[in-house]
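Hi everyone, thanks for coming. Let me walk you through a few spots in the backbone of this structure.

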Amino acid sequence: MAENRNTGDDGTVTWISSAMSPGGSLRIARTTSDGRASEITYLTDSPYNDYKPVISPDGGKIAFFRARREDPDFFHWESAICVMNADGSDLRELTGYDFMNTEPYWTRDGSDRITWSRMIDASRGPRGTYVYRTAADAVPGDEQRLSATNREWGNSSLRDGRVFIKKGNAYYLMMPNPGGEPCYEEIDYPDTFHYLHKVALSNDESMIAYMKKVDPKGDDYLGSEIVYADFDAAAPAIINEVAFVPKDESRFSWYVSIAPGNDFLIYAEDGKIMQHEVATATTRQLSTLAEVQYRYPTLLGTIK
């Protein structure tokens, strides 16, 4: 399990994210900041955009996806799941670019695998969204489909191998069974309407955070609030929600990461990184580099 290495003795916080300087593409970067000064190190350099990095449980690798073709219709994107060492070395593509491969998550069961969601357009196969996984040392073509239907979206994995997924309009823990029928346990959730996305699960699996769309007719992003809650993996259930970033269509707030000690969370807002302390319910801007646009932060020491 990842160590708590994201917060220094001097109050500094380190995160991995996509970052973009003026005129450049999105690159995977590591940033350390105390809220007054920041130091950034770019780990990738490509003419294409690199999205949504996540850190392996042992801290040694980073997975992300690289887009070679982007389109207003996400089903028409062409992107690959990639993996590299935490210092940016030995970058490899684990899939081809035939589909939109997006939102990777590391498994927590010690298998050193990555799950992600694949969007398939009707021109390339049965249209829909599917959950896949592959090994960190795999090659394109090795990937396994986990989902039984064409309406599934993958999120965090648990240590026991189950995967938090959206299936249709409900949420489940799925126990994968490649080549057979997976087992789905519906997650108890108190709301009648909910679209939960960009899910993060704490390292100890007791806390969950996500974007929650509060208006069925609203935008998936601007119409959402950012929430943390208690998570009971045995039930399974989500309880005691706290909306710490309320819906505000004047700001673009999204993509959350939970600290290893569950004491704070970070998220992106209008290209900056914000930090929210749970005990005091206070928020501050953590990033300080005005010229850098940040997206998709994951705290160092967290699994996501």
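When I say that residues touch, or are in contact, I mean that they have heavy atoms within 4.5 Å. With that in mind, Met20 touches Ser25, Leu26, Tyr42, Glu291, Val292, Gln293 and Arg295, leaving aside residues up to four places away in sequence. Look at Gln293 in particular: 273 residues separate Met20 from Gln293 along the chain, yet their C-alpha atoms are 5.1 Å apart. Met20 itself sits in strand β1, residues 13-20.

A quick word on what you are looking at: this is a predicted model, where local features need pLDDT of at least 70, side-chain atom pairs count only at pLDDT 80 or more, and totals for chains, interfaces and linings use all residues. Residues are numbered from 1 along each chain as its sequence is written, and side-chain values use heavy atoms, with hydrogens and water left out.

Strands here are DSSP runs of E, at least two residues, numbered from the N terminus.

Now for the backbone. Most residues other than glycine have a negative phi, and most peptide bonds are trans. Lys198, in strand β16 (residues 195-201), has a positive phi of about 55° without being a glycine. Is Lys198 buried or exposed? With 4% relative accessibility, Lys198 counts as buried, meaning under 20% relative accessible area with a 1.4 Å probe, protein chains only.

Glu205, in the loop between β16 and β17 (207-213), also isn't glycine, and its phi is positive, near 65°. Glu205 is buried too, at 10% relative accessibility.

Finally, please find Pro236, in the loop between β18 (224-232) and β19 (237-245). A cis peptide bond links Ala235 to Pro236, with omega about -20°.

Conventions. Helices (H or I, at least four residues) and strands (E, at least two) are DSSP runs, numbered from the N terminus. Buried means under 20% relative accessible area, exposed over 50%, partly exposed in between (1.4 Å probe, protein chains only).
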